[in-house]
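The exercises below are to be worked with the model on screen. Each task sentence is followed by a solution in steps.

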Amino acid sequence: MTKHGAVVVPEDAVVAAAAVGWMEKHPSALGKFEALAAAAKGKRIVVFLDYDGTLSPIVEDPDRAVMTDEMRDAVRGVAARFPTAIVSGRCRDKVLSFVGLEELYYAGSHGMDIQGPTNAAASKGGEEEEESVLCQPAREFLPMIGEAYAALVEKVEGVIPGAKVENNKFCLSVHFRRVDERRWGAVADQVRAVLRGYPRLRLTQGRKVLEVRPAIKWDKGEALRFLLSALGFSAAGDGEDDGDDDDAFPIYIGDDRTDEDAFRVLRARGHGAGILVSRFPKDTCASFSLRDPGEVKDFLRKLVTCAAA
Ligand SMILES: O=P(O)(O)OC[C@H]1O[C@H](O[C@H]2O[C@H](CO)[C@@H](O)[C@H](O)[C@H]2O)[C@H](O)[C@@H](O)[C@@H]1O
């Protein structure tokens, strides 16, 4: 096609070519399953799963982001074969209530609240909750988060229709999915104004959500390292003879910006697989991709079948 003598490539063709290029760099984890299984051969697979957008589809109301029974069965099957952790921005109790599987590790509040399986602790009786909590690096921030929550409810949720503040214990989520798009800027301005009173809290952005969290060096990547180490594997994965088992093959599946911290850790380790859940090309440190939670479920089922073979 030509216009004024120049070659004009239709916009759809440019988008399609970019998508093809992106898929070459981040191929489908289903399409490359055999290669992935071969890379994991002889190593011990450890599975890390984000929740929203990965195990459950993104929905308007965060309180209704439930997971299907089929997905629960797939996660249960994986957890019966490999150590498995849910790593979420949600507070640990809420994500546990959505997933409903006590045999998993849970890292809530973007990894700032880590708990081991509660099924074993529960059978011992007594102080199950305290026994199963493994790591809470932002404990001292609890009173500050409580104060900031109250201020955000008053100054954002109370003022901008559709805005919703979710208390995730060690962090807060300010949702604007249901806010009129013309007021998104106002949400961000109000949140920033509140946070000026809390210089030790920082702001990041997820999928139509502003995330307020303690400004400490801790994120989903650190949680992944912590859990590997708690499971007896090397946290660095550097092949050093430091007494730790370097034979883990961590698989991390997630859809959002906060999952990039975990993908970066896997890149640095040089083994394991970061899998981004996305229908569209996105800048990512993940090596593979899956399109949506339906494909995540298929991938988890394949892992189970492969382990049983
Ligand atoms: O780390 P995640 O498990 O992915 O949690 C990140 C945030 O997820 C939730 O919000 C997102 O999903 C909602 C339900 O589908 C959707 O309404 C919202 O727009 C998304 O941002 C959760 O509510 C947040 O607290 C998490 O931080």
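**Exercise 1. A salt bridge and its two partners**

Lys217 has a relative accessibility of 71% and counts as exposed; buried means under 20% relative accessible area, exposed over 50%, and partly exposed in between (1.4 Å probe, protein chains only). Identify the residue with which Lys217 forms a salt bridge, and classify Glu222 as buried or exposed.

*Solution.* The conventions come first. This is a predicted model, in which local features need pLDDT of at least 70 and side-chain atom pairs count only at pLDDT 80 or more, while totals for chains, interfaces and linings use all residues. Residues are numbered from 1 along each chain as its sequence is written, and side-chain values use heavy atoms, with hydrogens and water left out.

Step 1. A salt bridge requires a side-chain nitrogen of Lys or Arg within 4 Å of a carboxyl oxygen of Asp or Glu. The partner of Lys217 is Glu222, with 3.1 Å between the closest N and O atoms.

Step 2. Glu222 is buried, at 15% relative accessibility, whereas Lys217 is exposed.

**Exercise 2. Further salt bridges**

State how many salt bridges the structure holds, and describe the pairs formed by Arg264 and by Asp180.

*Solution.* Step 1. The total is 22 salt bridges.

Step 1. The side chain of Asp180 meets that of Arg182 at 2.5 Å, N to O. Asp180 is partly exposed at 36% relative accessible area, and Arg182 is exposed at 73%.

Step 2. Arg264 pairs with Asp261, the closest N and O atoms being 2.8 Å apart. Both residues belong to helix H10 (residues 260-269), where they lie 3 residues apart, about one turn of the helix; helices (H or I, at least four residues) and strands (E, at least two) are DSSP runs, numbered from the N terminus. Arg264 is partly exposed, with a relative accessible area of 43%, and Asp261 is buried at 17%.

Step 3. One network, made of salt bridges that share partners, joins Asp52, Asp63, Arg90, Lys94, Lys164 and Glu166.

**Exercise 3. The cavity**

Determine how many cavities of 30 Å³ or more are present, and describe the lining of the largest cavity.

*Solution.* Step 1. A cavity is a set of points, on a 1 Å grid over the protein atoms alone, where a 1.4 Å probe fits but cannot get out; lining residues have an atom within 4 Å of a point. The structure has 1 cavity of 30 Å³ or more.

Step 1. At least three lining residues come from each of domain 1 (25-116 + 218-308) and domain 2 (139-214). The domain bounds come from an automatic or database domain assignment.

**Exercise 4. Domains and packing**

How far apart are the centres of domain 1 and domain 2, and which elements pack against the buried residues of H7?

*Solution.* Step 1. The centres, taken over C-alpha atoms, are separated by 27 Å. Domain 1 gives 21 residues to the contact and domain 2 gives 17 residues; contact means heavy atoms within 4.5 Å.

Step 1. Helix H7 (residues 142-157) has Met144, Ile145, Ala148, Ala151, Leu152 and Val156 buried. These buried residues pack against S8, S9, helix H8 (184-195), strand S10 (201-206) and S11.

**Exercise 5. Positive phi and a helix residue**

Locate His110 and Lys169, give the phi of His110 and of Lys169, and then list the contacts of Thr118 beyond its neighbours within four places in sequence.

*Solution.* Step 1. His110 sits in the loop between strand S5 (105-108) and strand S6 (113-115). Its phi is near 55 degrees, positive in a residue other than glycine, and His110 is buried at 1% relative accessibility.

Step 1. Lys169 occupies the loop between S8 and S9. Phi of Lys169 is positive, about 70 degrees, although the residue is not a glycine; Lys169 is partly exposed at 34% relative accessible area.

Step 2. Thr118 lies in helix H5 (residues 118-124) and is buried, with a relative accessible area of 13%. With those neighbours set aside, Thr118 is in contact with Glu102 and Ser132.

Technical notes:
1 Å grid on protein atoms, 1.4 Å probe; cavity = no way out; pocket = protein on both sides within 12 Å on 5 of 7 lines; lining within 4 Å. Points joined across faces, edges and corners; volume = space filled by probe spheres on them.
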